[in-house]
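This report covers strand pairing and aromatic contacts. The sequence and structure are shown first.

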Amino acid sequence: MKAKKVVSLLTASVLALSMLAGCSAQPAADSADGAAESAPAAQEESVAQESEVAQEEAPAADGAAGQVYYLNFKPEQDEDWQNVAALYTEQTGVPVTVVTAASGQYETQLMSEMAKSEAPTLFQVNGPVGLANWRDYCYDLSGTELYSHLTNESFCLKDGEEVPAIAYVIETYGIIYNKALLEKAGYTADDITSFDTLKAVADDIQARKDELGVKGAFTSAGMDASSDWRFKTHLANLPIYYEYKEDGIGSTEAIKGTYLDNYKQIYDLYITDSTCDPSELATKTANDATAEFVNGEAVFYQNGTWEYANIEALGDENLGMLPIYIGAEGEENQGLCTGSENYWCVNKNASEEDIQATLDFLTWMITSDEGRAAMSQEMGFVTPFDTFTDEFAASNPLLQDADAYIAAGKTPVDWCFSTMPSENWKNMVGSALTAYAAGTGSWDDVVTAFVDNWATEYQLSAAAAG
Amino acid sequence: MEKAIRKFWPIFVLPTLGAFAIGFLWPFVWGVYLSFCRFTTVQNVSFVGLQNYANIWIDNTFTHAFFFTAAFTVVSVALINVFAFALALLLTRKLRGTNLFRTVFFMPNLIGGIVLGYIWKTLLDGVLALLDRPLLALDATAGFWGLIILMCWQQIGYMMVIYIAGLQNVPIDLIEAARVDGATDFQTLVRIKIPMVMSNITICLFLTLTNSFKLFDQNLSLTNGLPGKDSQMLALNIYDTFYARSGPQWKGIGQAKAVIFFIVVAAIALIQLRATRSKEVQQ
C-alpha cells in the first residue's frame, strides 16, 4: 500500500518536472513573448531557431571562449546577417547568433531578451532618446578599434567621456524622383533648387497629369502607421533642423516651432499635388506609395536610401534623389538628409569573454574583406568607418546622388529627429497631421501637437523620473 | 472511484498546478512587485515605493481611457446580451435551418481579434468614405461605434450558444403547465424562461463584462487609439505607457496602471457575479 503511494507520488513529480523541462528547452520559442501574436514575430522565431542550429553545427572553437548574440533591428538584412554570422563562425569558431526582431517590435523584444540569462551581447538603439532606455546596459566603446575607425565624431553617441553607442550605417533620405517621368514633363533635377521651383514643377505636373499619364506629382502621403513616419518623423526633421541651426543648438526641451509655416508649406504640397484625395490619406499605406511610384503613377516619393530594394524595378538610371526644400533661408545650399538611426551597443552586463568576442566580431566586420563586403555589397550599407575604401563602396544609385550633393558643396541636413522627445510625441503629431489633411482638424492643432507637446513630453518624463 | 481519486490526485493536480504557478502566479506576484520599481528589464530593478502609483495621473490619458472603456463596456454588454438572447430564442424554435444559422452566427468567434480588427477597419473605412464621413482614424465617435459593431459581431454568436444551452434545459412541463394556465408567450418568457436561464445570464454577463473591459487586440487593430488617444481603452493605454515613452520611469508607471486595472476588473466582475448569482433559481 505504502509502496504504491510512493510510486504514484514519484510519477506525479516526474510528470511535473518533465513539464518544467519542457518550458526551458525552448529558449528561442519564447523569445518573441508579447509579440508572438503577429505573423512577422512567428517568422522571426523560426529564424531564431535556424540560426541556433547553424551555430551548433559549426566546428568547435579552439581557444575561443566567448560568443556573440546580436539582436538585429533590420528585417530586410536578416538573411545577410545570418550568412555573415555563419561565415565568421566557420573562420574563427566563435558562435554568432543573429536574431532579428519583427518590424516595429524591436524595443519590445529587446526588453524581454535582455531579461534573460543569455541576453544579447550586441544590440542597437536609435539615437539619444532610445539610449535613455538602455544607458545602463551600454559598454563604453571609447577604447575599441571600432571607435578608432570612425571617420567622424558625430557618428557616435557620447556621454561625457564614454562612448555608449556607435553608428554602423549612414542613411540618406530626400525626395526620390523618377527621372524618365520628370524629363517627360520637360524638367530635370537641375530645375529644382528651392521650394518655389519644386512647387512650380509639381503644380505643373499635377495640372498636366492626364497628359503625362500619371495620377499625381507626389505619391500618396499615407498616414497609416506603415507610412506616417515619413511625415511625423522624417519630414518634421527639417523644421527642427533649421530651428536648431538658427539657435545654434543640438537639442532642446522646448521647441519654438519657428519653421512650422515651412512645414505646412511642404506638407500642403505633398497632399494637394498627390495621387489621392487628402481625406483618404488616413488609410494609405507605405505599400500604396511604393506601388504608385514603381508603376509610374507619381513622379516624386519622399523616402530614403533603404527603399532602393523596393523601387529598383524602375531601373537605376531612372532613380534620383532631391533635397526636401521647405522654403527656408539659405536652402539653395541644402543637401539631402543624412544621418543614422542605427547605433551598435555592446551589453555591459555580458560576461567578459562575450564582450571581447563581440568586440572582435565587430572589428572583423569592419576590417576583414568578408565583413566589409557583407556590409557594403550584400547589405548595401554606407558606413561611417574609414576602413571602407573605394572598392567597398555601395552600389545603390540613391547613395551616389547623396555623394554628388556633398561633392557639390551642399550641406547635408542632420537627423535631428533622434532628439524628438518620444514615440508618443510623434504619434500625436502624426494624428494631428492626418486630421489636418482630412479637414477634420486645423493646422493649429498640428502646431499644438508639435510645440506644446514637445515641452509636455520632456516635462512629464522629467517629472516621472522624480 | 473516489478512493482512486484520493490516492492519485497528485498526478492530476500537480502538472496543472505547476503550470499555473509558473505561468500565472509567479508572473502575477512579480508583476505586482514591479509596479513598485523602476526598471528597464524585469530582472534588473530598483525599488521606488509608491512613486509609480502617484505618477499614474501625471497626464490625463488614464482617466480618459477609463471613461471610454466604461462607456464601451456598458453599451457592448447590453447590446451583445440582448441580441444573443433574442437570437437564442429564435433559434430554439422549431425553425428550418436552425443548425445552419447557429453555425453561421458562431463562426466570427473563431477568428482572432487582431485579424477581425483589420478586416473591419477596411470595411468600416469603406462605408465611411462612401458616406463622406471622416474615417475611423479621424473620428473617435466612429471608432467607438466601430468597436461596438466589431465586438457585437464577434461575441453575439458565442453568447447565443450559451443561452441556447440554457433555454433547451428549461423543463418542458413547466412551459406546458404555464400554457395550460393561460400564460402568454411574453409571460412565459419573463416568468419562466428568464429565471430558469439566470445561471447562463450570469456567465454571459461575466464574459462580456470582463472581455469588454480588458479589450486590447481589437482596439489596437481597429483604431489604435486614434485620433490622438481619443479612442484608447485601458489596456491599450497601459501598453502605450510602456512602449511609447522613453526612459525607464515609464515602465513602472505602466506596471502600476496594470495593477490598478486588475483591481478594477476584478472588483467589477465580483460585484456582477454576486448580483446575478442571487437571482439564480435552483431547478
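The model is predicted. In chain A, strand 4 (residues 156-159) and strand 5 (residues 162-167) run antiparallel and are joined by three bridges. Within this pairing, A:Leu157 stands opposite A:Ala165 of strand 5 of chain A. Two residues lie between the strands of the hairpin, and A:Gly160 takes a positive phi near 65° there.

Over all chains, the structure holds 52 aromatic pairs. Two of the pairs are listed here.

| Pair | Centre distance | Plane angle | Class |
|---|---|---|---|
| A:Tyr88 and A:Trp364 | 4.8 Å | 55° | tilted |
| B:Trp120 and B:Trp153 | 5.4 Å | 70° | edge-to-face |

The A:Tyr88 and A:Trp364 pair links distant parts of the chain: A:Tyr88 belongs to helix 3 (residues 78-92) of chain A and A:Trp364 to helix 15 (residues 352-367) of chain A, 276 residues apart. Both A:Tyr88 and A:Trp364 are buried.

In chain B, B:Trp120 in helix 5 (residues 113-130) and B:Trp153 in helix 6 (residues 140-168) are 33 residues apart. B:Trp120 has 14% relative accessibility and therefore counts as buried, whereas B:Trp153, at 37% relative accessibility, counts as partly exposed. The planes of B:Trp120 and B:Trp153 are at 70°, so this pair is edge-to-face; the cut-off for that class is over 60 degrees.

One aromatic cluster in chain A includes A:Phe218, A:Tyr263, A:Trp425 and A:Tyr458. Among its other members are A:Phe300, A:Trp443 and A:Trp454.

Finally, the charged end of B:Arg245 sits over the ring of B:Trp250, at 4.5 Å from the ring centre.

Notes: Residues are numbered from 1 along each chain as its sequence is written. Chains are lettered from A and ligands numbered from 1 in the order in which they are written. This is a predicted model: local features need pLDDT of at least 70, side-chain atom pairs count only at pLDDT 80 or more; totals for chains, interfaces and linings use all residues. Side-chain values use heavy atoms; hydrogens and water are left out. Two strands pair if DSSP finds at least two bridges between them. Helices (H or I, at least four residues) and strands (E, at least two) are DSSP runs, numbered from the N terminus. Rings of Phe, Tyr and Trp (its six-membered ring) pair if their centres lie within 6.5 Å; planes under 30 degrees apart count as stacked, over 60 as edge-to-face and the rest as tilted. Buried means under 20% relative accessible area, exposed over 50%, partly exposed in between (1.4 Å probe, protein chains only). A charge sits over a ring if NZ of Lys or CZ of Arg is within 6 Å of the ring centre and within 35 degrees of the ring normal.
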